Amino acid sequence: MFFYIIRRLISVVVMLLIISMATFLLFFAAPEDPARLTCGKNCTPAVIEGNRKALGYDKPLAVQYAKFVQGIFVDRKYPDDPALQAASPEIVTTCEAPCLGYSVMAHKSVTEIVKDTLPVSASIALAAFVLWMLAGVSGGILAALNRGKWLDRVIVGLALIGFSLPTFFIGLLLLTFVAIKMKLVDIPRFVPITDDPLAWAQSLTLPAITLAMVFAASYVRLTRAYMLETMSEDYIRTARAKGVKESTVIRKHGLRAALTPIVTAAGMDLGGLLGGAVITEQVFGFRGLGYTAVRAIETTDLPIIVGIVIVASTFVVVANLVVDVLYGVIDPRVRLT
Amino acid sequence: MSAPAAPEKVQPPPPDAAVSATDGAVAIKGRTPWEIVRSRLARDKITMTAFVFSVLIVVVAATSPFMVKLGWLRPDDFNPALVQGLGSLPEGFAGGISRDHWLGVEPGTGRDLFSRIVTGITTSLTVAILATLISVVLGVTLGLVAGFSKGRLDWLISRFLDLVLSFPSTLMLLSLGPVLVSRIASIMGISSADNKAKVAFMALVLGFFGHPFFARIIRGQVLSLREREFVEAARSLGARAGRIYFKELLPHLWAPILVYTTLILPANISAEAALGFLGVGINPPTASLGAILNDSVAYAIPDPAYFIFPGLTVFLIVLAFNLLGDGLRDALDPKADRS
């Protein structure tokens, strides 16, 4: 188990290196000049050249990448050039490790931006996660236990409808009709959990429902399928034959085995969402990672785009690892070597 | 098993009695897998309805350019007279529904919403189908090679799939647009404002980020198939890898390929709509479901019909393809009883 985790950790690091390299190449090797993108309409060549030096865009791509990786462990200073730093020490900004780059347009380090926006994305993701797991798993179990009866059909039908509704359509319907027209809830505005936990939960209601809808639907289908498969296993028949109570058979023998793959899928989905639920954040105007990334894409703010893509993929890769390790803990049949 | 087997001891039937079965026993008729699937599908009314609806959608999408030429659809004709309401909103019931405009008209311009939705389906379906084809071809090839080659190549392909899956695909689609559309346009030899370049870009990127799902499923199937006797037989007879891939393995993979194609297609349709909503879809005036939705979002309150009709269209198309995929999966399931 120990060696397994060590081995997986190494592969995670390698994966992250490749991901960051690929992202870096994709965006900084693009035809657009990254220095030209740092200032707006009234830009003089002198400013562009100044920014190019200050941000290190004059160096070869490999050097830029090496500096970026270095910045994750050691503080970086902007401007990057020692001559510029000496010339005007008052403008030098330190980007504390882990430094993910500096956005001239936002006048902030990318790390700061991620720190500001991550709580929003994480809140939406967690709230949605709780909702969809409750609704999806219990719905799936109910459907499986009532296979072929009307309850099963209703649940499966609803799941298919939820699965086919585009997220932004659900979100906008909820926002315009539930919040704006019928005024059943306030128009959602994000409140940090540290300010007021109750208001935090309230502000998340509609976004979480929106995001949870699609996932709940697919978890109903997933749970139902796994549950049906497990309940037809021989050991379930054995358990019943030896006179175990039906509720115990379902809980201890059926559910436990069926839940393992669901936990895996849930971990992966949660990892993906921590990196930002682009559409949900966009619909409700919640300034999470996804929303910020979309704004950065609109203004071609390369450092922010690269930073957020790397952060988001890190969540996925780490979630992958956590899920694999958890698998060994939950399922006694799996031995990690 | 529907046909009851005769329990009596087997005795050679008299030469001419094969047709006259005694005791009401019915002779067991062998059925090909295809016949079984067809009879299952024929009984599944929901799947058949979804199938008919999906075919209808594809036919409408394929013929809409001709309908525009014939003047049956007028997606680009302005009707300022119909949008005299406050804020250029359409007059009349539910966004100006009338005999000429079945789903009302677009606010501001008065263009016929039905025509725009139908031509929009064409654009969206083109993107979705192309993306699905790319996913299928890439995914099946990689899955076949990975599953069959074991060892280092399998490891390499599997890690590559992990890598692709760890990228946030929505963000990549959004952010690669400015970088890739102009390159694709220059490769295709057209201006980057041409919507063909946008369509190609969306299909390529959606297809690329969708292929790992396919590859993983196919790889899993191949891993179990490769241990079967018929593959071993082919190999021991000296068949080349190409023959084993295409003649021995591929025929067994049609069922999962078909099922997952019908399931990934609706996902791509929603993805195109979502991209349109985020504002990076097809350029105006060409209609696509995403582009219409992006425009209609602003009217969700003053003109809800304009927002709800295109949304419902996406929903119905996606639902139909999902139902079809589910039905096909059930019908093609070799584990289900052969009734």
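**Close-up views of a predicted model**

**View 1. The order of elements in chain B.** From the N terminus on, chain B of this predicted model runs α-α-α-α-α-α-α-α-α-α. In total, chain B holds ten helices and zero strands. Buried residues account for 38% of the 339 residues in chain B. Of the contacts in chain B between residues at least 6 apart in sequence, 66% join residues at least 24 apart.

**View 2. The two domains of chain A.** Chain A is divided into domain 1, covering residues 31-99, and domain 2, covering residues 112-336. The centres of domain 1 and domain 2 of chain A, taken over C-alpha atoms, are separated by 39 Å.

**View 3. The crossing of helices α5 and α8 in chain A.** Helix α5 of chain A spans residues 110-145, and helix α8 of chain A spans residues 197-231. The axes of these helices come within 4 Å and cross at roughly 35°. The crossing of α5(A) past α8(A) is right-handed. In the contact of α5(A) with α8(A), 26 residues are nonpolar, five are polar and one is charged.

**View 4. The largest nonpolar core.** This core has 158 residues. The residues with the most contacts inside the core are A:Ile124, A:Ala128, A:Ala212, A:Ile305 and A:Ile308. Both domain 1 (31-99) and domain 2 (112-336) of chain A contribute at least three residues each to this core.

**View 5. The surroundings of A:Ile124.** Which residues are in contact with A:Ile124, leaving aside its neighbours within four places in sequence? They include A:Leu204, A:Pro207, A:Ala208 and A:Leu211. A:Ala277, A:Thr280, A:Glu281, A:Phe286 and A:Gly288 are also in contact with A:Ile124.

Key. Residues are numbered from 1 along each chain as its sequence is written. Chains are lettered from A and ligands numbered from 1 in the order in which they are written. This is a predicted model: local features need pLDDT of at least 70, side-chain atom pairs count only at pLDDT 80 or more; totals for chains, interfaces and linings use all residues. Axes are lines fitted to C-alpha atoms, for helices over the stretch in contact, and angles run from 0 to 180 degrees between N-to-C directions. Helices (H or I, at least four residues) and strands (E, at least two) are DSSP runs, numbered from the N terminus. A crossing is left-handed if the near helix is turned anticlockwise from the far one by less than a right angle, and right-handed if clockwise. Ala, Val, Leu, Ile, Met, Phe, Trp, Tyr, Cys and Pro count as nonpolar, Asp, Glu, Lys and Arg as charged, and the others, Gly among them, as polar. Domain bounds come from an automatic or database domain assignment. A nonpolar core is a set of buried Ala, Val, Leu, Ile, Met, Phe, Trp, Tyr and Cys residues joined through C-beta atoms within 7 Å. A residue is buried if 20 or more other C-beta atoms lie within 10 Å of its own, exposed if 12 or fewer, and partly exposed in between; C-beta atoms are placed from the backbone. Two residues are in contact if their C-beta atoms, placed from the backbone, lie within 7 Å.
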